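Welcome! Have the sequence and the 3D view open, and work through these exercises one at a time before reading each solution.

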Amino acid sequence: MGGMDDSPAVEVHRLSRAYGATWALRGIDLNLRRGQTLVLLGPNGAGKTTLLKVIATLLSPTGGGGKVLGYDLTREQEAIRSRIGVLGHSTYLYGDLTARENLRFVAAMRGRPCTDGTLAEVLERMDLGACADQRVRTFSSGMKRRLALARLLLDQPALLLLDEPYTNLDQRTMKLFNGFLQEFRQRGGTAIIATHHLSGGFAVADRVAMLKGGRLVFEEARGEMSLQELHEHYTLHVEGEGA
Amino acid sequence: MTAGWVRSLLGILTLVALAAGLYLGLVWAPPDSYQGQVQRIMYLHVPAAWVAYLAFFVVFCCSILYIWRGRPAFDQVAYASAEVGVIFTALTILAGSIWGKPTWGVWWTWDARLTTTAVLLLIYIGYLMLRSFVEDRARGARYAAVLGIVGFLDIPLIHKSVEWWRTLHQPASVMRPGGSTVAAPMLLALLVSVAAFTLLYLYLLSQRVHLERLEAEILERNREG
Amino acid sequence: MSLLQRAWTVLWKDLRIEGRNREGLNTLLFFSAILLFMFHFSLGPDRARIGAAAGGLLWLGFILMGLFAMARTFQVEREEECLEGLRLLPGDPGAIYLGKVMWATVLLSAAELVTFLLFGFLFSVDLWGNLGGLLAVAVLATVGIAAIGVLFAAMAAQLRAREAMLPLLLFPLLIPVLLAAVQLTQGSLHGESLRAGSHWIRLLAVFDAIFLVVGFLTFTFILEE
């Protein structure tokens, strides 16, 4: 999982993305080393989702560019896609297929068809062993989220892009998610977590960044910062006027 | 291509060529021995048809270039060419109809060439509608480029299929809007008309592309602010 | 994993889903039954009239059914943003195109087969001798409909609000398919061998080949944002 070289996991320069007449992202400069977790804070509409989508190669930049895991954003998209994992608002699951079939489909499409044993194992780890052969349509949102996590366990990405992972999680799923993230970070994976939950993101952050109106208004290592200080920074840069 | 002086020069050349073409076609060339004066509409119909297909060929080439290279200029030319092309296509059909009524007694024949031109008109309209319906300009450009490629490659197939279909339902007739043989002075007038219409096309195209560029610039400026 | 294997995986996924909820096939079969009743009511019981119009009617119906089938290929990707999930997959998106074309062909061809059988039953036409030929022509034409239809269905899927556009764009482009399929089907229904229509078959084959290639090459571009 992931290369062992020293190139940054994500480096973007003057990244911009427009939607018709407005800018969703303006002049974003970001440099994230491998193995670090960046927490992206900001209110709704600040551009967090857009930034994640651009890094995931789902959206092409209107201006600027960069590299993800050493591969160019606009020219080497396939290489990027085979190394990243995305967990967002949507689960990308087919309601009429079973949990097992959904996983098998993605594994096959990613060029890594896996054995029944491996499938059973990841489903078990996400507490879905009992419903492996039920249609996803019958799943609760927590179960769907866990299935998405199981899919990530199969993919073993080097970079994880998480969009609001803390919203609407039941206890069981939250525990499994935290365990998954901890293990991922321990193995040296890089992650970018977009959230508007300061406390949730704070616990796992190596670096903290804040977006406001499509611009990056704050970006620092977490270091010795306390949660209180984080709140202060947030109030200053995002909720106050300026920038 | 859209520099002010180029457009003005094109405009002047077009005027001159059109004047020459009109004179040669409507006054100088002898009337057709069978069809009389009505046949003069050929000097309008044939060049318009030529431009209609030329414009679509330009749409085709620019669509491929846009897909391959992504430069907005290619998309601008494609869009402009489609807008100019649709006018000439409509003109072709109109002229064909006007020619047909007194000559063969019908406003419309399902002749392969005329039918294919009518289908071309439908494809053009589809192209323009697609662009206007898609709000995001870049996405509209991508979709239209695909339609431009598919549509152009389809035209010869449409023509062939209509031709074969026609021979099943009607014996091969002399109802060919191209006329039988074209005498030498008529040929000269025709060629001048074709050249004039081509210049007209280029002139309109350059004006349209210029407008597109201005619009794009305004959009950029609004965004910056 | 090769391109074809991935295309096959997409096909398998869609077959599985359809097998579970059968929305697509059921709607198409219902459509087909209604269509045949409409034939009867609009043409009356005169068997000679129906015989003369059968080819054309059937294929008009198939193209209408085809519109629905095409839309269906991407409808399944609507829930949970699965289309975005597909876009996140590494590998040539052309595999998704091929898989969807295969799926659309299978779905529409199955509906066509049932329609032929129903047609034979309701109008007392003996099809058994020619069923093989009828079906072969139907599949060949359906591949052509799918090759272009899937491209535009992918566009419509991303546009959401403008799905009504799909027929307007597709119809003119499918004229060669319609003409060829009607001639071959009509001939087949009246006992002619397919060899009599071999030029039509070649036209269909060329159409399919060209647009499968174009579709495969441009599909990536349509998915881009």
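**Exercise 1.** Which residue is the bridge partner of A:L41 in β8(A)?

*Solution.* Keep in mind as you look that this is a predicted model.
Step 1: Find strand β8 of chain A, which covers residues 190-195. It pairs with β3(A) in the parallel sense, over five bridges.
Step 2: Go to A:L41 and look across to β8(A), where the bridge partner is A:T195.
Step 3: Now turn to strand β9 (residues 207-212) of chain A, which pairs with β3(A) in the parallel sense over four bridges. Here A:L41 stands opposite A:M210.

**Exercise 2.** Why is strand β3 of chain A largely enclosed by the rest of the structure?

*Solution.* 
Step 1: Locate the strand at residues 37-41 of chain A.
Step 2: Recall the cut-off: a residue is buried if 20 or more other C-beta atoms lie within 10 Å of its own.
Step 3: Five of the five residues of β3(A) are buried, so the strand is largely enclosed by the rest of the structure.

**Exercise 3.** Describe chain B, from its elements to its confidence values.

*Solution.* 
Step 1: Count the elements: chain B has six helices and zero strands.
Step 2: Take the extent. The C-alpha trace of chain B spans about 65 × 45 × 25 Å along its principal axes.
Step 3: Consider burial: 43% of the 225 residues of chain B count as buried.
Step 4: Read the confidence. The average pLDDT of chain B is 85, and 92% of the residues score at least 70.
Step 5: Look at residues 172-176 of chain B, where pLDDT stays under 50. For this stretch the model has four contacts beyond four places in sequence.

**Exercise 4.** Which helix gives the most to the side of chain C that touches chain A?

*Solution.* 
Step 1: Start with the totals: 21 residues from chain C and 22 residues from chain A take part in the contact.
Step 2: On the chain C side, α1 (3-21) and α4 (82-87) each supply at least two residues.
Step 3: α1(C) gives the most, with seven residues.
Step 4: Finally, sort that side of chain C by type: six residues are nonpolar, four polar and eleven charged.

Technical notes. Residues are numbered from 1 along each chain as its sequence is written. Chains are lettered from A and ligands numbered from 1 in the order in which they are written. This is a predicted model: local features need pLDDT of at least 70, side-chain atom pairs count only at pLDDT 80 or more; totals for chains, interfaces and linings use all residues. Two residues are in contact if their C-beta atoms, placed from the backbone, lie within 7 Å. Ala, Val, Leu, Ile, Met, Phe, Trp, Tyr, Cys and Pro count as nonpolar, Asp, Glu, Lys and Arg as charged, and the others, Gly among them, as polar. A residue is buried if 20 or more other C-beta atoms lie within 10 Å of its own, exposed if 12 or fewer, and partly exposed in between; C-beta atoms are placed from the backbone. pLDDT is the predictor's confidence in each residue, from 0 to 100. Two strands pair if DSSP finds at least two bridges between them.
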